[in-house]
Amino acid sequence: MNKYIFTSESVTEGHPDKVCDQISDAILDELIKQDPESRAGIETLVTTGLVVIAGEIRTKGYVDVADIARSVINDIGYDNGNIGFSGDDVGVIVAIDEQSPDISQGVDSGKGKFKEQGAGDQGLMFGYACRETRELMPLPISLAHKMSKKLSTVRKNKKLPYLRPDGKTELAIEYVDGKPKRIDTVVIAAQHDENVSGKKLERDIIKHVIKPVAGKYLDKKTKIFVNATGKFVKGGPPADAGLTGRKIIVDTYGGQGRHGGGCFSGKDPSKVDRSASYMARYIAKNIVASNLASKCEVQLSYVIGRALPVSVMIETFNTGKVSDEKLEKIVRKHFPLKPADIVRHLKLKRPVYRDTAAYGHFGRNGFSWENTDKVKALKKYL
């Protein structure tokens, strides 16, 4: 019997880095609403009393960048200056330039060295799926996201009205022979008002957050840590500066599976960091859902300006019903892999991106890359 513990973390929508991701993606959504062909690479920084938004945009539309940033901040829950950060009175600096023509000619169809629409950047992207949960995601990151979401829910519905927007969750899961069995440790950091005691907060978090989300995996040996420093009043951007794209493991698979290094938020779908990562998840999930494997990782890689991928790799960790080499051929036959085809197939020129910017890009209903519509075609190869 082989035992090990694997840990993943998540953060709430009020975490400084996630504030930045949501601002960047909210701006992208508004650009796409006005002009679906918009190109964007938008970076956001937040700190005490200040938001800085920089990057490159090409669009036929017009976006009030500062107004969107303030709206997102207020919507998250930073709407009261008494907690140290508020969308109504924060300073906003905007430094946005036009997309480089050297980049755009490689992405525009009929321009550049290759006439077909190419990738918006070079790079490598990974997708992953496994049978540990109904949504075909690893259990540690799945539970961590659900706990973070629950923290925000009980704050917003006033069940725990003393909570503030910032927070983090961490789940350490014990595996036996490769399968998750129990929770070894739960760690939660929840920002709160001054007037709540640590003991009350811990009791409430266990009752209203931890047990409803993960009760079936808890036992008498599970260790629980709530606000382990003893206090978490000062939080959000005043306590910790945030940046777009700094939570790439939270955004993906919680450390299970590999990562190519590129973030998602603020990037339009011509950038394969985003669109090819979504396609890789779509491929991996359909392979697992069709029972061709119980665990699957997909790597796609691209060169800027060229449409065809440099490489396609399938790894099923000795769980495949057919060889990984044959799966690669199946993938090339049944899945679109050129950037323009990926965008078209997954319907990525839609304003769906702010919804992705907290609680993970994968394992959630409503996103096209979570569809399992290729299962029927893939089952023919069993």
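Me: How many salt bridges does the structure hold?
Reply: Side chains of opposite charge can pair when their charged atoms come close. In this predicted model, the structure holds 24 salt bridges.

Me: Which parts of the chain does the pair of Asp251 and Lys18 link?
Reply: The side chains of these two residues meet in a salt bridge, at 2.6 Å from N to O. The pair links distant parts of the chain, with Asp251 in helix α6 (residues 248-251) and Lys18 in helix α1 (residues 16-34), 233 residues apart.

Me: Is Asp251 buried or exposed?
Reply: Buried means under 20% relative accessible area. Asp251 counts as buried because its relative accessibility is 2%, and Lys18 is buried too, with a relative accessible area of 1%.

Me: Where do Glu135 and Lys146 lie?
Reply: Their side chains meet in a salt bridge (3.5 Å, N to O). Glu135 lies in the loop between β7 (123-130) and α4 (139-156), while Lys146 is in helix α4, so the pair ties together parts that are 11 residues apart in sequence. Glu135 counts as buried at 17% relative accessibility, whereas Lys146, at 42%, counts as partly exposed.

Me: Which residues have the most contacts inside the largest nonpolar core?
Reply: This core has 68 residues, and those with the most contacts inside it are Ile23, Ile27, Met279, Ile287 and Leu300. Helix α7 (residues 272-289) gives the most to this core, with 10 residues. Apart from it lies another core, of 25 residues, including Leu143 and Leu201.

Me: Which residues form a nonpolar patch on the surface?
Reply: Val303, Ile304 and Val310 form such a patch, with about 220 Å² of accessible area together. Ile304 sits in the loop between β12 (295-302) and β13 (311-315).

How values were computed:
Residues numbered from 1 in each chain as written. Predicted model: local features only at pLDDT ≥ 70, side-chain atom pairs only at ≥ 80, totals over all residues. Heavy atoms only, no water. Patch = residues over 30% accessible without salt bridge, like charges linked within 9 Å, V, L, I, M, F, W, Y side chains within 5 Å. Areas by Shrake-Rupley, 256 points an atom, 1.4 Å probe, with all protein chains shown as cover. Salt bridge = Lys/Arg side-chain N within 4 Å of Asp/Glu carboxyl O. Helix = DSSP H or I, 4+ residues; strand = E, 2+ residues; numbered from the N terminus. Core = buried A, V, L, I, M, F, W, Y, C linked by side-chain atoms within 4.5 Å. Buried < 20%, exposed > 50% of the residue type's maximum accessible area, 1.4 Å probe, protein only.
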